[in-house]
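Visitor: I would like to go through this model term by term. Please set each value against its cut-off.

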Amino acid sequence: MTTTVDLVPGMLTTRDDIAAAYGCGTFQGIEPAAKAGKVFVYSDPSAGEEYGYTFDGRAEDDEFGPLYLYTGAGAVGDQKPSGRNGSLLSHVEKKRELHLFVAAGKVPGSGTMQQRYIGQMVLDPIKPYDVRRGPGQDGVMRDVLVFRFRPAEGTTPAWTDADNLPAAAATAIEVTEPAVVAPAPITLPQQSGTKVKKTEQHTTPETTANIPAGQRKVLRREGELVTAFTAHLDAAGHETNSFQITIAGEPGALIPDLYDATDHVLYEAKGLTTRDNVRMAIGQLADYRRHIHDRETLRIAVLLPSAPTADVQDLLTEENVALVYQTEDGFAGWPLP
């Protein structure tokens, strides 16, 4: 096998050219090339829009930098973290580079779809994917895995404003499962095997994959807290879930941490018991509550790993936000079953 395609962010190519160069398939959105030590991902946001969801695209930057969302493999039924989706989850373990392409119209004078190379990516080490609700090709709602890509260290992604997540066409709420614990932090590979294209449009490095280890632990603690409290509620016979709230005219979705359907309580969890974290949770809960059914009777609560200071507790009381926190014996606070 002779490699004849240089992977330069911003270049236009085709699936056939990539397959000929690296020995992968041409028909699936996720195409592993085991011998070449790579996994190629082809994103086509218009394909999702055809079925009624808009999960693919560049999301708003968060505190760790740029983020690209990609819908996993599986057209009908719940998507699983195995098979081709598993090749994404194991790409670091198997020492395979992850390369992202976005559909870019047809080759002039041909019916072949062009692919614009964005750059080398890695899965987010804190939260590799979200589980979202969306219709399959058969129109039936199912669980969809939405993978979270970060630029690999040293990569300057060649994305444009056209790659941003499209806005939702309508406001809607779908019931989802509560948040789950993220896998253990992974070691991030450095960018390799790709050439950084220096152009006027892409001159700012976006080296964001090195997410601080401390933040990984905090966000993992948050996931573990939600999981433990969900088990606590389940043991008490409570029905728990969460929501996927899409807003007309806005990209992405709002995803609360946990909803206790039995007691009609919405929880927002934080991995640190600090004033800043509690203030953030209060704002998030106020935003979520606007879109939840029976919001006049909905109770909202902050879920923390320990008791906050007396003044922060007073703040919650004045804002009519309940408090639940973890203890050595389980959980304390109100509302609790």
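Guide: A salt bridge here is a side-chain nitrogen of Lys or Arg within 4 Å of a carboxyl oxygen of Asp or Glu. The model is a predicted one, in which local features need pLDDT of at least 70 and side-chain atom pairs count only at pLDDT 80 or more, while totals for chains, interfaces and linings use all residues. Residues are numbered from 1 along each chain as its sequence is written, and side-chain values use heavy atoms, with hydrogens and water left out.

Visitor: Why is the pair Arg 150 and Asp 62 called a salt bridge?

Guide: The N to O distance between the two side chains is 2.7 Å, and the limit is 4 Å, so the pair qualifies. Arg 150 belongs to strand 9 (residues 141-151) and Asp 62 to strand 4 (residues 57-62), 88 residues apart. Strands are DSSP runs of E with at least two residues, helices are runs of H or I with at least four, and both are numbered from the N terminus.

Visitor: Is Arg 150 buried or exposed, and what makes it so?

Guide: Buried means under 20% relative accessible area, exposed means over 50%, and partly exposed lies in between (1.4 Å probe, protein chains only). Arg 150 has 1% relative accessibility, so it counts as buried. Asp 62, at 27%, is partly exposed.

Visitor: Which other salt bridge does Arg 150 form with an Asp?

Guide: Asp 124 meets Arg 150 in a salt bridge at 2.8 Å, N to O. Asp 124 sits in the loop between strand 7 (113-123) and strand 8 (129-135), 26 residues from Arg 150. Both Asp 124 and Arg 150 are buried. A network of salt bridges links Asp 62, Asp 124, Lys 127, Asp 130, Arg 148 and Arg 150. The whole structure has 14 salt bridges.

Visitor: How do you know that Asp 311 and Arg 275 tie together separate parts of the chain?

Guide: Their closest N and O atoms are 2.9 Å apart, in a salt bridge. Asp 311 lies in helix 6 and Arg 275 in helix 5, so the pair ties together parts 36 residues apart in sequence. Asp 311 is partly exposed, at 45%, and Arg 275 is also partly exposed, at 37%.

Visitor: Why is Thr 14 called buried?

Guide: Its relative accessibility is 11%, so Thr 14 counts as buried. Thr 14 is found in the loop between strand 1 (12-13) and helix 1 (15-22). Its side chain reaches the backbone nitrogen of Asp 17 at 3.2 Å. Beyond neighbours within four places in sequence, Thr 14 is in contact (heavy atoms within 4.5 Å) with Val 107, Thr 112, Met 113 and Gln 115.

Visitor: What makes a set of residues a nonpolar core?

Guide: The members are buried Ala, Val, Leu, Ile, Met, Phe, Trp, Tyr and Cys residues joined through side-chain atoms within 4.5 Å. The largest such core has 19 residues, of which Leu 266, Leu 285, Val 302, Leu 316 and Val 321 touch the most other members. Strand 11 (240-246), helix 5 (275-289), strand 14 (299-304) and helix 6 (310-318) each supply at least two residues. Helix 5 gives the most, with 5 residues. A second, separate core of 16 residues includes Tyr 70, Leu 98, Met 121 and Leu 123.

Visitor: How much of the protein chain is buried?

Guide: Buried residues make up 47% of its 337 residues.

Conventions
Polar contact = N/O pair within 3.5 Å; in protein donor to acceptor, adjacent residues only side chain to side chain.
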